[in-house]
Amino acid sequence: MMAGVGGGNDFQWCFSQVKGAIDEDVAEADIISTVEFNYSGELLATGDKGGRVVIFQREQESKNRPPSRGEYNVYSTFQSHEPEFDYLKSLEIEEKINKIRWLPQQNAAHFLLSTNDKTIKLWKISERDKRAEGYNLKDEDGRLRDPFRITSLRVPVLMPMDLMVEASPRRIFANAHTYHINSISVNSDYETYLSADDLRINLWHLEITDRSFNIVDIKPANMEELTEVITAAECHPHQCNVFVYSSSKGTIRLCDMRAAALCDRHSKFFEEPEDPSSRSFFSEIISSISDVKFSHSGRYMMTRDYLSVKVWDLNMENRPVETYQVHEYLRSKLCSLYENDCIFDKFECCWNGSDSAIMTGSYNNFFRMFDRNTRRDITLEASRENSKPRAMLKPRKVCTGGKRKKDEISVDSLDFNKKILHTAWHPKENVIAVAATNNLYIFQDKIN
Amino acid sequence: MDVEAKRIMALSISKLYSLRTQRGGLRLHRSLLLSMTMRAARDIYHTVQLLKDTEEEQVVPCAPDAATEEPMETDSPQTLIQTSKEVAMKPHEPKETLDEDKENRYASERQSRKRRGKTALEPDFLPLKKARMDTDEEKQHLQSEVLRTNNGNSCRQAETLTAFANRAIVAC
């Protein structure tokens, strides 16, 4: 399904739902730090800075008039990570959820991996709608029965009960990362996954928690010689021996695990030559890649740096095949953005289900979509003002100079505290989830 | 450019300091980017200072530049070229003397402090040599960039900043 981005006759993006408090005073713990649809799109998980995971489930499609796609309602909420203290290093370990990745569903239960800076956990989310009644050794309220009073045996019977969704930690993968974990990625073999921190990437088996294989190590012998760190990593969607990792220098390395146990030597090296005319004090920072995502097809990958999104063909290493400017008007503001730390913001990016469109966030609660076929792009806003059910989203425009038109917003008026770092696209449909600080917006295309 | 470089250096240092107190421990990625930006600014600043010092040296009457229009005395062209080379080398000398004095003064100051923690290793306070090495290595690279001469202050502060940046990375 094509994602029409130009607002033409194809379709329009409409508001569907918003989750989260309306309160202006946002508690830091409620700030959403990751968003992820599961493989079917039925479930949508968010993680926040307080270490909490909230899972939304889509209800069945409504047959009412007007027909609407199912809404996402809260399915399960649980505390995934708690703040910890590393006594050896006198360091506090934040409970913030950096990433959530779903496992493909293999039975009635759902599984996901969630990680903070140091520890990855495998959670099982299962439904319970029956309860056993008629125990022999205990009463219905749980009190133990006096064994001498039991004169007959009975078989407990399963009785229906109100649906309860339970989340339980099934595996805890700890103590494998010295530095801060930035990525986790489930392998296509559904048995292993990788976790990456600033300097190392480890390969785990989902069943084994007490050891992992270190497959990439870029730590120099002398830390003063450190020039780059790992910023993101992902497994190939189909080839279980292939993964990529991006660096703070704007490069991407593709590695083949069949080549060697330690994949320090890459199989492919993707780098675009720098334009010397655009060099500045901040060139290093803005070239740092904040996210890397394979396309669903596995043929392309997309990288996000501070000002742009690039699509790379895995068969061509010397330059990307497509480059999209997200907010080029910020290039002249880099010094101010350095002062207020916004230049360090790590934006994510995502593909739609058919790989025909890509999406990424920006400031002022704007997010951008690019249609790869028509080369059209659109800027939309996640805002409570546009939150009437099925209200169509109006394209937004930033005025970069000269006279500001009526509906345009000038660069200096942008709110840099309202940033959209995390977005997700439903794997099959045109439904998107956009995290704006502590609110989760869900948009979908208009149904005629 | 000089003023901008100095401002970015100061900004980077204050950010590196504040990183230490942030929750969750020192962020390696952030501190690396900060220190790289600080070094880029510092190198620009140094180069500008060097060029400025070179220009000031060339104004000194005993070392006329071959390119100046002022009538020369009885110097031969060969002598002029040699003299120009001496002029080019000269900026290092006063800087070295100044640095040595700074180094000694710093050391004597340090001895009077109380016992320091193990993390503050002595080699970290010999950044001045390392800074010069960096400057030498990267000077050629920087000279190819656009530079503007400007009046600036002493680069002592800049070189002390390098020590901090290196220590920030090593401390991780």
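Is Arg258(A) buried or exposed? And which partner does Arg258(A) meet in a salt bridge?

Author: Happy to! A bit of housekeeping: this is a predicted model, where local features need pLDDT of at least 70 and side-chain atom pairs count only at pLDDT 80 or more, while totals for chains, interfaces and linings use all residues. Residues are numbered from 1 along each chain as its sequence is written, chains are lettered from A and ligands numbered from 1 in the order in which they are written, and side-chain values use heavy atoms, with hydrogens and water left out.

Now, your arginine: Arg258(A) counts as exposed, at 65% relative accessibility. (Buried means under 20% relative accessible area, exposed over 50%, and partly exposed in between, using a 1.4 Å probe and protein chains only.) Its salt-bridge partner is Asp256(A), at 2.8 Å from N to O. A salt bridge here is a side-chain nitrogen of Lys or Arg within 4 Å of a carboxyl oxygen of Asp or Glu. Asp256(A), for its part, counts as buried, at 15%.

Why pair up at all? Side chains of opposite charge can pair when their charged atoms come close.

Over all chains, the structure holds 37 salt bridges. Take Arg23(B), whose side chain meets that of Glu92(A) at 3.1 Å, N to O. That pair crosses between chains, from strand E7 (residues 91–93) of chain A to the loop between helix H1 (2–20) and helix H2 (28–59) of chain B. (Helices, H or I with at least four residues, and strands, E with at least two, are DSSP runs numbered from the N terminus.) Glu92(A) is partly exposed, at 30%, and Arg23(B) is partly exposed too, at 36%.

Arg23(B) also forms a salt bridge with Glu95(A), where the closest N and O atoms are 2.7 Å apart. Glu95(A) sits in the loop between E7 and strand E8 (99–102) of chain A, and Arg23(B) in the loop between H1 and H2 of chain B, so this pair joins two chains. Glu95(A) counts as buried, with 10% relative accessibility.

Salt bridges can link up as well: Asp30(A), Asp48(A) and Arg52(A) are connected in a network of them.
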